[in-house]
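Please read them with the structure open.

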Amino acid sequence: MIDIQLQEQSSRAVINVEGQLFTEYRYGHYVCRPYFYPVLTPGGQRLTRGYPTEAIAGENDDHYHHRSIYVAHGLVNGHNLWDEGTGHGAMLHRGDPVVGVEQDVATIDGMVDWFGPEGESLLEERRSMRIWAEGDFRVMDHQSEFRARYGDVTFGDTKEGGLFSIRVPTSMDAKDKGRIENSAGQVFDSGKGKEETWGVQAAWVDYSGPLANGDQWGHTVVDHKDNPRYPTYWHVRGYGLFTANPFGLHDFKGDESIDGSLTIPGGEQAVFRYRLIIHPGRGLEDQRHRELIDEFQA
């Protein structure tokens with residue numbers, strides 16, 4: 001059984017599975033973008049890095065802006081909505097989202113306004129999420145409908161971004177004891193060899209490894225076949241960052257003559273959909289895991 005409760009005073013939507021906390025969608029304007037934190041296994045182990053929301057012994061504290069599970073991009077009409085340093089933009093929820101449960105699926109639906117550093121209105125995003133549990137699996141379908149309400153919107157060519165982004169816990173980092181695998185069969189495991197999974201196109205990527213207690217868990221993010229630029233490029237690194245980024249081509253290919261920017265003409269919209277599968281085990285060990293990938297593409 002899944003349950004979701006809106007806590008307006010703290011600007012959170014709290015999601016429980018079988019009476020135990022799974023995650024919170026935090027959307028208050030005390031930070032510059034909505035994000036999910038914490039994200040927990042059925043046994044209460046952390047599936048994403050705590051920093052910067054909280055300090056956890058043994059975890060890295062680099063990249064302040066890597067907030068667990070989130071959406072961001074570093075070049076939107078020339079403005080930085082990825083970093084949180086001087087001159088950054090912001091993605092702010094328009095009031096509270098609408099939440100509910102339908103057939104044991106928790107739903108979150110709301111509007112997110114993207115602003116430049118001086119309050120410039122850049123775009124309007126309708127953000128919709130469906131979250132459910134199957135045994136130990138946790139599944140999230142995320143949809144961002146980007147509306148160019150204020151004129152043309154250009155997502156610029158930079159690796160610094162991800163329309164679906166995760167920072168895994170430090171114990172899972174692939175440069176150490178973790179593992180990255182993509183749909184093309186490329187693998188980066190325990191820091192051995194080259195990070196061949198970085199900056200390449202793939203229909204899905206899995207990032208798995210040990211949690212703080214040694215249990216093996218992972219995240220699989222699936223790009224939808226109807227998304228612009230499918231299959232997407234991935235900014236996925238051994239130090240724990242994991243993002244779907246369809247725009248960073250000149251960085252990924254090492255060629256400044258390439259421009260991977262995408263412009264949504266004024267008055268039009270672009271829709272991006274992703275599925276996150278949180279799973280026990282290292283890599284794709286379960287048939288149901290593969291079925292969940294295939295069903296999203298059907």
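1. Is Ser 68 buried or exposed? In this predicted model, Ser 68 counts as buried, because its relative accessibility is 1% and the cut-off for buried is under 20%. Ser 68 is found in the loop between strand 4 and strand 5. Its phi is positive, about 65°, although Ser 68 is not a glycine.

2. Glu 18 also deserves a look for its backbone. Glu 18 is not a glycine, yet has a positive phi of about 50°. The residue sits in the loop between strand 2 (12-17) and strand 3 (20-26). With a relative accessibility of 58%, Glu 18 counts as exposed.

3. One joins Tyr 51 and Pro 52, with omega about 10°; Pro 52 lies in the loop between strand 4 and strand 5. Another joins Tyr 230 and Pro 231, with omega about -10°; Pro 231 is placed in the loop between strand 17 and strand 18 (234-236).

4. Leu 47 belongs to the loop between strand 4 (35-39) and strand 5 (69-76). Its relative accessible area is 0%, so Leu 47 is buried. What does Leu 47 touch, not counting residues up to four places away in sequence? The contacts are Val 39, Leu 40, Thr 41, Val 168, Pro 169, Leu 211, Trp 217, His 219 and Ile 278. Leu 21 is 26 residues from Leu 47 along the chain, and their C-alpha atoms are separated by 13 Å.

5. The structure holds 15 aromatic pairs. Tyr 51 and Tyr 64 form an edge-to-face pair, because their planes are at 85°, with the ring centres 5.9 Å apart. Both residues are in the loop between strand 4 and strand 5, 13 residues apart. Tyr 51 counts as partly exposed at 23% relative accessibility, and Tyr 64 is partly exposed with a relative accessible area of 43%.

6. Tyr 207 and Phe 242 form a tilted aromatic pair, at 5.9 Å centre to centre and 45° between the planes. This pair links distant parts of the chain: Tyr 207 is in strand 16 and Phe 242 in strand 19 (residues 241-244), 35 residues apart. Tyr 207 and Phe 242 are both buried.

7. Other ring arrangements remain. One aromatic cluster is formed by Trp 114, Phe 146, Phe 155, Phe 247 and Phe 272. Arg 67 lies over the face of Tyr 35, 5.6 Å from the ring centre. Arg 237 lies over the face of Trp 198, at 5.4 Å from the ring centre.

Key
Residues are numbered from 1 along each chain as its sequence is written. This is a predicted model: local features need pLDDT of at least 70, side-chain atom pairs count only at pLDDT 80 or more; totals for chains, interfaces and linings use all residues. Side-chain values use heavy atoms; hydrogens and water are left out. Helices (H or I, at least four residues) and strands (E, at least two) are DSSP runs, numbered from the N terminus. Buried means under 20% relative accessible area, exposed over 50%, partly exposed in between (1.4 Å probe, protein chains only). Contact means heavy atoms within 4.5 Å. Rings of Phe, Tyr and Trp (its six-membered ring) pair if their centres lie within 6.5 Å; planes under 30 degrees apart count as stacked, over 60 as edge-to-face and the rest as tilted. A charge sits over a ring if NZ of Lys or CZ of Arg is within 6 Å of the ring centre and within 35 degrees of the ring normal.
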